[in-house]
Amino acid sequence: MIGQEDHKDSFHFISHTHWDREWYMPFENLRFRLVRLIDNLMDLLDNDPHFSYFHLDGQTIVLEDYFAIRPEQRSRLEAFIRQGRILIGPWYQQNDLFLTSAESTVRNLIEGIRMSRALGGEMKIGYLPDHFGLIGQMPQILNQIGIDNSIFGRGYDYEKHNSPYARWKSPDGSEVLGILMTHWYNNAQRLPEDPDELDGNFRLMKDREEKVNPVPHYLMMNGVDHLEAQENLSHVLDQLRRMFGDESNMIHDNLPNYVKTVQRYLADHSTIPVPVIQGELRERVDYAILGGTLSSRLYIKQANVECHDLIEKWAEPLSVWCALKGLDDYDSDYFRYLWKLYMENHPHDSICGCSQDAVHDHMMDRFVSVKEIANAIIDKKLTTIAKQVSAEGYDKGDQKLLAANTSQVESSVTLKTVVYFLEEDHVDRFCIEDESGRSISYRIAETKPSRLHVISPINLPGVLSVRRYDIELQAVVPPMGYRTYRIRAHTDGHVVEDINRAESASTGWPQLENDKLKVEVQPNGSFTITDKETGLTTPNLGQFEDSGDRGDLYVYTSVSGEAKKLWEGDIQVVDVLSNDLYEECTYRFVWELPVALTEDYTARQAELVPCTFQVTLRLDKSSSQLNIQVDMDNRAKDHRIRYICTLPEKVAEVWAGGQFDVVRRAWDEGKEFGRDCNAQPFWKWVAPLQSRGGLALFGKGTHEYEMMDDERSIAVTLLRCVENINIRESVALETDIQAKGQCIGKHRIDLAIRPFTSETATRLYAEAELFHQGLRTKACPVNDARWEQGRAWVQDSELTGTFTRPDPNKDRPPLEQKHSFVEITGTALVSAIKWAEDRSGPVIRVYNVEPTASDLTVSLSGAFNTMELTNLLEEPQADAVRYEEAAARTVGAKKIETFKFTTRPLV
């Protein structure tokens, strides 16, 4: 029998805090407040049994921050979590979704859920309260961790869809119930106790929520950024029950209960329209999605993607490769530490670059630590592999030069590396050969005497006197594998010489050419690319644009009445190189730009400062892409620099690298919202399409593009220079001005342009990843103990040599001189090659960016004979299957799939 209470409107009060770990205060200042918040919260829960629930913002990193100060309170806090009175997880931290990799989001959930379950269980809510837009694959990600809902605050336009509820679908068809916090996560921020004030305040809230919600269950978010629990809430809710109890239920509730209630109501009232939305959510005006954060503080974004490459694309795969062959253990504990340290920089106000300078200084310190750890792991793994590679056919005194490629495409890039010879050997010539004995061309960029530190775990550090050669060579390396080159001292090699240098450039503007592309540089530094295969010529590429920016670290705002300016002056050609490996030209120009905005922020000052630009264009001999290095010495404030490429035809669609996807956007996607800059995100690459192919732009650490009104030009933001956290005002908040946001000083940006015709999105993404992460090398002397010199004893003693340890892999089979550890056929892209969280064997995560299914096979170098499909948490989703040489699987369109490989027998 349905009671009278069930016919009332219900107001579900959700006690919570939104905890930005660092933002307008540095981390330690906010942690000081966090500790008091949790101390006071537990006292409140102890003293008021009617205060039922409190939400710690869906993240667990705040618990670690608290336990570091109050370790003795762990059992007390855990008891409240197990009782369900404090809700935590599923996130480790509230990361931005467009400026971090898809894999970072997965590890975020793995770590958040791991800790939540250790303390009592995670909240089964896809809680995304303050993310600056939502990625399109989020419903699939949530489904794969057992969540069928999402509560969010940005990216969804209520007025457009006329409902706070939506069936939000990923491109693969995965679906969650999306619930918009229409009036934000503080629509019941703190309720007054005075009866008259409470009456008026609640009537306002009640009227506002009833106007937008067709379901008589209202989400009342009691809290906001950094606020403690309302200590008198139970008393205030009792007052509301006395005032409005005849018509409404007042419930102190939690988010899981609320979602289940709404889901049941919508199922029982199928006539209530619930719109279907698909893909990414980046709707509404500038200050709703805060699109300028895609380009604020370039240096933060660059450091982040560098660490991404080091961890995801190098340290983890190399560690798996060594473990597959039994050469070295996979250090799961160290990787967990490394990932957690890395993810400390991913909260939305951190990675977005919109916090105090001190916050971002601390971030850069963390990035440095991440790089130190990751590089140490990478060097160890490369050394282990190089030592194990067969030295058959080598002579004593030879060296092995290992070139590793963790990307999914064969690489033939020209790479830079360093070769050392002992000074005592007086090496003035050497040969580099591949595994078949063919001499490989190389260029000597520089040679000089040097000294090396020799570090040993059993000897004091030694010093070697060496001759250093900085060389360049074209390394043809198989995908997800390596190739070993033999270095032979005192043997003539094929050393390439430069054909022409800067003085020859005076006869005309530089041209670069190989078998695939022709590049013609124009007097203003722009250039034309001709694709020799198709004959398609694209002029007007590589122009620089400057415009004033009177916005803030969140949003670009143009200067009223100012026209955006292109560099139209002449350039000075600095250098031109041509050899058997590549052709290259470098030019520079000095752009006199306004020093800053006027004091009232309405215009740019008349005073000018010189900003120096130096651009290097490089075309490898066998490459389909033009590499571009831009060095800027920025001396101006309050402006934005973009790189403009104009296509011959109007652009109908843009492909953008995304998180587990290639996002397909209309050229004018988002223009309906009237933004000052219609900024759109990309991850590693973006490609405007024409009727026949298009132009892919690869970028390292750049994430923002805009299609311009001519429908043909794409603008990639290189640098945005502002200093305000909040909207500029005539009298600034003292803590609002953050000078380092102006990015004064020197910056280097790496880009590439890749014309294409019939290449798939998968192929372009794989090439962009190779450009992004490059190759790595490791030289290893053969049978020469002189390279391991150290000091066995520092005081006077009879010990004159060094201690040695036996090679732990001496009795293991040697590795081939050229090999792929992982072979994948099909169109899926690899997101992760890692060791399983339960440490049982390797895990490979793939995703299909194409609109059709792909038949996939995966082969591993190792004694694994079973494969099982898991979810993102590596929990089995189907029975394991036995395979012999390769595991086969059909990956559906736009699907993410995770495979775990083991040696356990099938029962």
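## Salt-bridge network

In this predicted model, a network of salt bridges links E64, E111, R114, R336, K340, K834, E837 and E874. Across the whole structure, a search finds 78 salt bridges.

## R21 and D65

R21 pairs with D65 in a salt bridge. Their closest N and O atoms are 2.7 Å apart. R21 sits in the loop between β1 (9–15) and α1 (27–47), while D65 belongs to helix α2 (residues 61–67), so the pair ties together parts 44 residues apart in sequence. Both R21 and D65 are buried.

## E769 and K313

A salt bridge joins the side chains of E769 and K313, at 3.5 Å from N to O. Helix α15 (residues 761–773) carries E769 and helix α11 (residues 298–324) carries K313, so this contact ties together parts that are 456 residues apart in sequence.

Are these two side chains buried or exposed? E769 has a relative accessible area of 8% and is buried. K313 is buried too, at 7%. The cut-off for buried is under 20% relative accessible area.

## R366 and E344

R366 forms a salt bridge with E344. The closest N and O atoms lie 3.5 Å apart. The pair links distant parts of the chain, 22 residues apart. R366 is in helix α14 (residues 357–388). E344 is in the loop between α12 (332–343) and α13 (348–351).

R366 counts as buried because its relative accessibility is 10%. E344, with a relative accessible area of 18%, is buried as well.

Key
Residues are numbered from 1 along each chain as its sequence is written. This is a predicted model: local features need pLDDT of at least 70, side-chain atom pairs count only at pLDDT 80 or more; totals for chains, interfaces and linings use all residues. Side-chain values use heavy atoms; hydrogens and water are left out. A salt bridge is a side-chain nitrogen of Lys or Arg within 4 Å of a carboxyl oxygen of Asp or Glu. Helices (H or I, at least four residues) and strands (E, at least two) are DSSP runs, numbered from the N terminus. Buried means under 20% relative accessible area, exposed over 50%, partly exposed in between (1.4 Å probe, protein chains only).
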